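Open the model in a viewer and keep the selection tool at hand. The stops below can be taken in order.

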Amino acid sequence: MNSKNKIANLNIEWAKTWEEGILNAWSHQYIKKYGSITEAWNHKAPEYVKTMEHSNRAQLVERIKQHKPETVLDVGAGAGIFALPLAATKSVKRVVAVEPSIGMLDILRKKAMEYNLTNIECINKKWEDTATDELIALNRGKYDVVICSHALYYITGLHDAFIKMNDICKGYVYLLIGTDADKDKTYERYYERIYKKPMPLYPDYACLYMVLRELNIHPNIEMLDAYAKRYVNSVEEVIDLWKDNLDGELSEDQRDAIRDYLAESDMVKEENGRLYWEWRAKDALIYWRAGEWKY
Ligand SMILES: C[S@@+](CC[C@H](N)C(=O)[O-])C[C@H]1O[C@@H](n2cnc3c(N)ncnc32)[C@H](O)[C@@H]1O
């Protein structure tokens, strides 16, 4: 019995468990509030960029550079946290950024112009709506590296999504995704007071690994320390930023709960007279050499 059949015999729908779990955990709230995931990211783009400015997310760039890629495809590229530094890398001739949110792409294109980068092609589509032929024709061949960072929460049809990433790549495919490996117990205690509902279960990133195993791909997994910090003028500003995750105005009790949570978890700190809001987490880096495994 090959591994594909062994996994299939478990009778667990890993892709469905992931998709429904993410919807339940937070993305149905995005749809309810903004109408669609894409509209949500159009709205969130400027604040997201400010937060990611002081994050270590781009640590993956150094690793990708070791492959000396000439061509890179970035799935759910956002405002270009990977696409921009990679396009500025000596070996890289072309970066293709697939991104459905025009709000994100506008920022990416503006920054590319500021940095005089002319080797980024943008495709304003969901990954599901791109065609293998179109992606390969644009690059006149397969890509050296494919990356997909923190976008798999929103991509539907994971089997097809992974097959497409694998089929258009002649080097490595890198997936970066959040985990709850070092779960914040304090957050769990405050969740219900802040959100006015019990804390939903976050689906495990292992679902993505299992979908790849269903495709007979055996990827590597590494845990990376992730951090981000956001400079703010006051704790009240952090509370106001939090509002975006919730419906309507915050009650006094919700504001108090967020304030207490921030204090108890020591998330708002000071550095050279400037306040910042910091959080730390574990990301999973799932990667494999394309073509190494046969479906
Ligand atoms: C959390 S941001 C990540 C951005 C960037 N890759 C990073 O690591 O910072 C998620 C991105 O996924 C994009 N996205 C949402 N649905 C998508 C889909 N179906 N296909 C491709 N990208 C999608 C969003 O528009 C957003 O820019």
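Start by selecting Cys-148, which sits in strand 4. Helices (H or I, at least four residues) and strands (E, at least two) are DSSP runs, numbered from the N terminus. The model is a predicted one: local features need pLDDT of at least 70, side-chain atom pairs count only at pLDDT 80 or more, and totals for chains, interfaces and linings use all residues. Residues are numbered from 1 along each chain as its sequence is written.

Cys-148 is buried, because 24 other C-beta atoms lie within 10 Å. A residue is buried if 20 or more other C-beta atoms lie within 10 Å of its own, exposed if 12 or fewer, and partly exposed in between, with C-beta atoms placed from the backbone. Now show what Cys-148 touches: not counting residues up to four places away in sequence, these are Val-75, Gly-76, Met-165 and Leu-175. Contact here is defined as C-beta atoms, placed from the backbone, lying within 7 Å. Draw a distance from Cys-148 to Met-165: the two are 17 residues apart in sequence and 9.1 Å apart in space, C-alpha to C-alpha.

Next, select His-150, in the loop between strand 4 (143-149) and helix 8 (158-167). Its phi is near 55 degrees, a positive value in a residue other than glycine. Most residues other than glycine have a negative phi. His-150 counts as partly exposed, because it has 17 other C-beta atoms within 10 Å.

Go on to the ligand. Which residues come nearest to the ligand? Of the 22 residues around it, they are Gly-76, Gly-78, Ser-149, Ala-151 and Tyr-154. A residue is near a molecule or strand if its C-beta atom, placed from the backbone, lies within 6 Å of it. Coloured by class, the shell shows 13 nonpolar, 5 polar and 4 charged residues. Ala, Val, Leu, Ile, Met, Phe, Trp, Tyr, Cys and Pro count as nonpolar, Asp, Glu, Lys and Arg as charged, and the others, Gly among them, as polar. Helix 3 gives the largest share of this shell, 3 residues.

Select helix 3 (residues 37-52), which spans only 19 Å between its end C-alpha atoms, whereas a straight helix of 16 residues would span 22 Å at 1.5 Å a residue. The expected span is 1.5 Å times one less than the number of residues. Look at Lys-44, where a kink of about 55 degrees lies shortly before the proline Pro-46. The bend at a residue is the angle between axes fitted to the seven residues ending there and the seven starting there. In helix 3, the residues Ile-37, Thr-38, Ala-40, Trp-41 and Ala-45 are buried. Their cover includes helix 2 (14-34) and helix 6 (102-114).

Move to Asn-11, in the loop between helix 1 (3-8) and helix 2. Asn-11 is not a glycine, yet has a positive phi of about 55 degrees. Is Asn-11 buried or exposed? Asn-11 counts as exposed, because it has 6 C-beta neighbours inside 10 Å.

Then find Cys-207 in helix 10 (residues 206-214). Leaving aside neighbours within four places in sequence, Cys-207 is in contact with Trp-14, Thr-17 and Trp-18.

Finish at strand 7 (residues 268-271) and strand 8 (residues 274-289), which pair in the antiparallel sense over 4 bridges. Pairing requires at least two bridges found by DSSP. Val-268 stands opposite Trp-277 in strand 8.

Key. Two residues are in contact if their C-beta atoms, placed from the backbone, lie within 7 Å.
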